[in-house]
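Biologist: Can you put the model up? I have a few things to ask about it.

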Amino acid sequence: MKRKKRGLPLQDDKMRLQLFLAKCGVASRRACEKIILDGRVSVNGEIISILGTKVCTNDKILVDGKQVEIEAEKRYILLNKPAGYVCSMADEKGRLIAADLLKDTYSERLYNVGRLDMYSTGLIIFTNDGQFASTLSHPSAEIEKEYEVESSLPLPRDLAEKFCSGLRIDDIFYRAKFAKEINSHKIRITLIEGKNREIRRVFEHLGIGIRKLQRIRIGNITIDSLKESQFRELTAQEIKGLMNLCKTN
């Protein structure tokens, strides 16, 4: 009788290709679906672009010509991203990639959960656990993300109230869950939706220049003393706390 090894499926057990890729640390399951549809995956030498295709661990599976295998050890890394780095697995413009800051320490293929734009700094989580990434990034999770924003000029006194009430910009509605002015040039903003460049779009709409935008909290995880470019592994308690927040929401 065959036994499972380190939680891996038996060789004659089949699983959907997108799930297999997620377990290999390629990307979240949803992102893996797009990778398959884009024709970037081959199984035993044949390009597969149909979702639902089933594979097993003894199949030879390549993504962009590189073989991938299920990683037995799951990683959950918290990075304080510096400005100038993009949150992507590759960049056709040749820009610096945030994941590369982890390469000298971790051999696993890690990918970011969510994004920060190139000019923003602060917390972002990297993992090779597709299920964790899918759960945490799903809109229904409504995980709070807190930001500290410094402006180049004094902030309008009604900015926090306006952002919490909501603004419609180019047919997109933006609203903060919470906002509090710290001083004349600094404000803290909590979001749960995570729309693309939400804070920057609102500030641009109101004619406010941003000097610095930093994410200082993701759910129960705070930046504490983690300096830019530094990273650490999440504790089991922190991971459990994030998952509990997703279940609660």
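This is a predicted model: local features need pLDDT of at least 70, side-chain atom pairs count only at pLDDT 80 or more; totals for chains, interfaces and linings use all residues.

Biologist: Sheet first. What is the strand order in the open sheet of 4 strands?

Modeller: The order is S3-S2-S5-S6, with antiparallel pairing. S3 (46-48) and S6 (66-67) are the edge strands; each has a single partner strand, so one side of each has no neighbour in the sheet.

Biologist: How many bridges join S5 to S6?

Modeller: 2 bridges, between antiparallel strands, with S5 covering residues 61-63. Leu-62 stands opposite Gln-67 of S6.

Biologist: Now helices. At what angle do H3 and H6 pack?

Modeller: About 45°, and the axes are 9 Å apart. H3 is residues 130-137 and H6 is residues 236-248.

Biologist: Is the crossing left-handed or right-handed?

Modeller: H3 and H6 cross in a left-handed way. From H3, the contact uses Phe-132, Thr-135 and Leu-136, and from H6 it uses Ile-239, Leu-242, Met-243 and Cys-246.

Biologist: What's the split into nonpolar, polar and charged in that contact of H3 with H6?

Modeller: 6 nonpolar, 1 polar and no charged.

Biologist: Different topic. How many salt bridges does a search of the whole structure find?

Modeller: The search gives 20. One of them pairs Glu-233 with Arg-75, whose closest N and O atoms are 3.0 Å apart.

Biologist: Where do Glu-233 and Arg-75 sit in the chain?

Modeller: Glu-233 is in strand S19 (residues 231-233), and Arg-75 is in the loop between S6 and strand S7 (76-81). The pair is 158 residues apart and links distant parts of the chain.

Technical notes: Residues are numbered from 1 along each chain as its sequence is written. Side-chain values use heavy atoms; hydrogens and water are left out. Two strands pair if DSSP finds at least two bridges between them. Axes are lines fitted to C-alpha atoms, for helices over the stretch in contact, and angles run from 0 to 180 degrees between N-to-C directions. A crossing is left-handed if the near helix is turned anticlockwise from the far one by less than a right angle, and right-handed if clockwise. Contact means heavy atoms within 4.5 Å. Ala, Val, Leu, Ile, Met, Phe, Trp, Tyr, Cys and Pro count as nonpolar, Asp, Glu, Lys and Arg as charged, and the others, Gly among them, as polar. A salt bridge is a side-chain nitrogen of Lys or Arg within 4 Å of a carboxyl oxygen of Asp or Glu.
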